[in-house]
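Visitor: I would like to understand the terms used for this model. Could you walk me through them?

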Amino acid sequence: MMSEQLQTAVETLASTFQSLDLVARALPVSPKEVAEALAACEDKDTSEYVALVALSKYNPYTPSVKVTEK
Amino acid sequence: MALPSKVLPGFSASMWMQTTATPTPLSVANLSVWTAQVATIVGTSAGGTGASGTQLNVEAVPAFGQDDAVASFAVAGSRQSDKIPTQSAPTSMTITAAWNPSDAGLLLIRGDSQNGTIDRTFVVAAYDGTNTVAYAFNGRVSQFQIDAHPGAEAKCTFTVHPRGNQYGWSNT
């Protein structure tokens with residue numbers, strides 16, 4: 001389930017006639033949520049997937065790794 | 001965006017466009033979506049459904065892509081100058097087709113050229129009999145000329161100017 005913020009961002013990107021890169025850069029979203037939504041997206045042939053890929057480009061997410069001291 | 005996933009051996013390219021005099025072009029995201037979007041413009045002869053599209057019977061599909069534009073710099077003392085790519089337009093497509101006053105597609109193109117502000121989605125489809133790779137873009141028609149020279153078959157020449165940033169690849 002996407003947050004309202006991500007839902008709005010995806011809808012904005014899916015309906016825009018401007019450059020996806022330009023629009024995606026200006027949309028504030030959580031990188032972690034974008035990564036999770038992208039991983040959960042089963043059908044890649046949708047505008048939602050295209051929008052999430054554009055968002056992930058400018059909101060990269062790397063899971064933090066717990067380092068244990070010896 | 002979905003990129004072409006394979007090289008099509010022995011394919012044929014065809015050009016398609018939305019029908020209706022005042023079409024609603026696909027959004028930029030949907031230009032990269034085959035199912036229920038680009039597929040509706042491409043006809044069954046090229047792997048689509050063709051529900052809202054028609055084929056443009058052109059002599060050849062012209063080159064498409066990005067034009068060149070650079071800013072040149074020269075620095076005193078340096079052997080080589082520098083060329084920096086700058087903002088440039090998508091390549092305009094000048095197309096020649098046999099003029100048929102009954103061809104619905106050509107009549108739409110003629111209407112677009114007389115209007116000048118109608119955005120329409122065009123698709124270049126490469127089809128090998130099973131798979132299709134499609135390049136979809138939104139564009140406006142500018143030039144439209146009919147050459148009815150008596151010594152040859154009547155032909156028409158028109159130019160489609162793709163809108164900036166409004167393109168996408170899809171495949172099936």
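Guide: Gladly, and we can begin with a pair of strands. Strand 1 and strand 6 of chain B run antiparallel and are joined by six bridges.

Visitor: What makes strand 1 and strand 6 of chain B a pair?

Guide: Two strands pair if DSSP finds at least two bridges between them. Six bridges join strand 1 of chain B to strand 6 of chain B, so they pair by that rule. Within this pairing, B:Met15 stands opposite B:Val124 of strand 6. Strands and helices themselves are DSSP runs (E, at least two residues, for strands; H or I, at least four, for helices), numbered from the N terminus.

Before we go on, a note on the source: this is a predicted model, in which local features need pLDDT of at least 70 and side-chain atom pairs count only at pLDDT 80 or more, while totals for chains, interfaces and linings use all residues. Residues are numbered from 1 along each chain as its sequence is written, and chains are lettered from A and ligands numbered from 1 in the order in which they are written.

Visitor: How confident is the predictor in chain B?

Guide: The pLDDT is the predictor's confidence in each residue, from 0 to 100. Chain B averages 91, and 94% of its residues score at least 70. The model has an ipTM of 0.88 and a pTM of 0.90.

Visitor: Which strands of the open sheet in chain B are called edge strands?

Guide: The sheet has six strands in the order 2-1-6-7-8-5, with antiparallel pairing. Strand 2 (53-56) and strand 5 (93-98) of chain B each pair on one side only, and those are the edge strands. On average, neighbouring strands of this sheet are turned by 40° against each other, direction ignored; axes here are lines fitted to C-alpha atoms, for helices over the stretch in contact, and angles run from 0 to 180 degrees between N-to-C directions. Strand 5 pairs with strand 8 (residues 155-171) of chain B over six bridges, in the antiparallel sense. There, B:Met93 has B:Val160 as its bridge partner.

Visitor: Why is strand 6 of chain B called largely enclosed?

Guide: A residue is buried if 20 or more other C-beta atoms lie within 10 Å of its own, exposed if 12 or fewer, and partly exposed in between, with C-beta atoms placed from the backbone. In strand 6 of chain B, eight of the eight residues are buried, so the rest of the structure largely encloses this strand. B:Arg120, B:Phe122, B:Val124 and B:Ala126 point one way, B:Thr121, B:Val123, B:Ala125 and B:Tyr127 point the other way, and all are buried. In a regular strand, side chains alternate between the two faces of the sheet.

Visitor: What links strand 6 of chain B to strand 7 of chain B?

Guide: They pair in the antiparallel sense over eight bridges, with B:Thr121 opposite B:Asn138 of strand 7. The two strands form a hairpin with four residues between them, and B:Gly129 in the turn has a positive phi of about 105°.

Visitor: Why does B:Thr19 count as partly exposed?

Guide: B:Thr19 has 16 C-beta neighbours inside 10 Å, so by the cut-offs already given it counts as partly exposed. B:Thr19 sits in the loop between strand 1 and strand 2 of chain B.

Visitor: How do you know that chain B is in contact with chain A?

Guide: Two residues are in contact if their C-beta atoms, placed from the backbone, lie within 7 Å. By that test, 12 residues of chain B are in contact with 15 residues of chain A. The side of chain B that touches chain A has six nonpolar, six polar and no charged residues. Here Ala, Val, Leu, Ile, Met, Phe, Trp, Tyr, Cys and Pro count as nonpolar, Asp, Glu, Lys and Arg as charged, and the others, Gly among them, as polar.

Visitor: Which residues touch the most other members of the largest nonpolar core?

Guide: Such a core is a set of buried Ala, Val, Leu, Ile, Met, Phe, Trp, Tyr and Cys residues joined through C-beta atoms within 7 Å. In the largest one, with 53 residues, A:Leu13, B:Val38 and B:Val123 touch the most other members. Helix 4 (residues 47-58) of chain A gives the largest share of this core, seven residues.
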